[in-house]
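Work through these exercises with the structure open beside you. Try each task before reading its solution.

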Amino acid sequence: MLLVGGGPVAAAKLRQLLASAADVHVVSPEVVEDIERAGASSAVRISRREFSPSDLDDVWLAVAAATPAVNRQVAEAAESRRIFVNAVDDPANATAFLSGVIRREGVTLAISTSGEAPGLTALLRQGLDELLPRRDLARWVRASREERRKWKADGVPMEERRPLLLEALNNLYGRPKGLHYDSPSSTPKVVQAFRPAAAEAVNRGEGHVSLVGAGPGDPALLTRKAIATLRASDLVLYDALVDDRVLRYARHAQRFFVGKREGRHVLTQEKINALMIRAARRGRRVVRLKGGDPFVLGRGGEEALALRAAGVPFEVVPGITSAIAAPALAGIPVTHRGLAASFLVVSGHDIEAFSSATSGLEPRGVTLVVLMGLARTAALAGRLLDRGWAGDTPAAVIVDASSSGQRVWRGTLGELAGGASNHVAGAGAPGTIVVGEVVSLAEALCQPSTIRPHTAARG
């Protein structure tokens, strides 16, 4: 086989070709270190020069992983020789598409989008790889091979073999005989063939879920327990507000984004629950990673109940909630003697629910902390004014707390209702609203990065 190109993309393709036991000729003026090391193998020959049409002599497949101009030269030369070309991320110059491939225990699955969406191919490959059982495929292959030998000897027709195979797989785990492939009542038992080894792993304490709080954003604010759990994980399901630097602790895990962006959920809560349960039952160490603390407006309680109902072992690794951390990093203590003896944390996601939660709240002596309300700041403040809160009550908005881009607005509740804080809110940025007398302490306690109150509120 011919591989034209010597960069990182070509190196990735070379690994795939060698995994298929191919003999590869690499042609490129320069090659990266990975290809250089592979050149020590008898299966790889490297020619450090420009591509020549004669390189296609005696080749049955070419992979073009160079510039579009070079890929086009390879495609034109291959066309006259009737040789297939896979042009990486360049479908216009391709006549063959190498799919995303899963190889495990003698089973090979291939996914292709005809070169139009390689990113989707990779996602589908990851998803299918997650669905396949970790320890049972080799048993399934052996059982299938043995059953096939018997069927051929007994002359069993092809159309009768699939239900027999499903029954044989179920029998590996002590399932009752007599299951039928097309029987709705038996389908759940047949599907259980994907799970028994995982159930045994759970009993051995191998498979479990950790509900982990990632804190307000800065990786330095992670707990030691959170870091250790991420490092030991096999699968991480993370939300939108989790910093990429936090995910680097999970170096050996598969990582899937399951959060919410632009008002849309990638997965419903029910599907997230199902994914956690399924992975844990296969013996995997799953981390459900959430911004802040998993039990503070993070649906961690819902997920814990789902895991408990499914009999899946789980633990909770608390995180620093932004309800306390964001005000603190802006120089605002949520309680202070003589100003506030308590604080209330409430969601601002739904204005009516917010109104109900704050309806009986006395304005004096309490600090109100609102999460997930940045897009409705003025309306939420207006509801408090309608409830009798004074317009000169100190208020603050903290955006991107704990990050290098942290921004803070300070002013009054009346100014907040008038939209004075709108300029500090970025699209999709996390924000915390604080209302109460404790905000007045920030003048003396605020961090150097804090926006000064008069500049922010009126500038």
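**Exercise 1.** Find which strands helix α15 lies across, and its angle to β19.

*Solution.* Start with α15, residues 377-386. Helices (H or I, at least four residues) and strands (E, at least two) are DSSP runs, numbered from the N terminus. Helix α15 lies across β16, β17 and β19. It runs at about 20° to β19. Axes are lines fitted to C-alpha atoms, for helices over the stretch in contact (heavy atoms within 4.5 Å). Angles run from 0 to 180 degrees between N-to-C directions. Now take helix α13, residues 322-329. Helix α13 lies across β15, β16, β17 (394-399) and β19, at about 75° to β19.

This is a predicted model, in which local features need pLDDT of at least 70, side-chain atom pairs count only at pLDDT 80 or more, and totals for chains, interfaces and linings use all residues. Residues are numbered from 1 along each chain as its sequence is written, and side-chain values use heavy atoms, with hydrogens and water left out.

**Exercise 2.** Work out the strand order of the open sheet, then name the strands at its edges.

*Solution.* The five strands run β15-β16-β19-β17-β18, with mixed pairing. Two strands pair if DSSP finds at least two bridges between them. The edges are β15 (342-347) and β18 (407-412). Each has a single partner strand, so one side of each lacks a neighbour in the sheet. From one strand to the next, the twist averages 15°. Next, zoom in on β15 and β16 (residues 366-371): they pair in the parallel sense over six bridges. Phe 343 stands opposite Thr 367 in β16.

**Exercise 3.** Decide how α11 packs against α12: parallel, perpendicular or oblique?

*Solution.* Helix α11 covers residues 269-281 and helix α12 covers residues 300-309. Their axes are 10 Å apart, at an angle of about 45°. That makes α11 oblique to α12. The cut-offs: under 35 degrees is roughly parallel, over 145 roughly antiparallel, 65 to 115 roughly perpendicular, and the rest oblique. Finally, list the contact: Gln 269, Ile 272, Asn 273, Met 276 and Ile 277 in α11 meet Glu 302, Glu 303, Ala 306 and Leu 307 in α12.

**Exercise 4.** Is Val 439 buried or exposed?

*Solution.* Locate Val 439 in the loop between β19 (431-435) and α17 (442-445). Its relative accessibility is 4%, so Val 439 counts as buried. Buried means under 20% relative accessible area, exposed over 50%, partly exposed in between (1.4 Å probe, protein chains only). Residues that Val 439 touches include Ile 332, Pro 394 and Arg 410.

Terms used:
Lists of a residue's contacts leave out its neighbours within four places in sequence.
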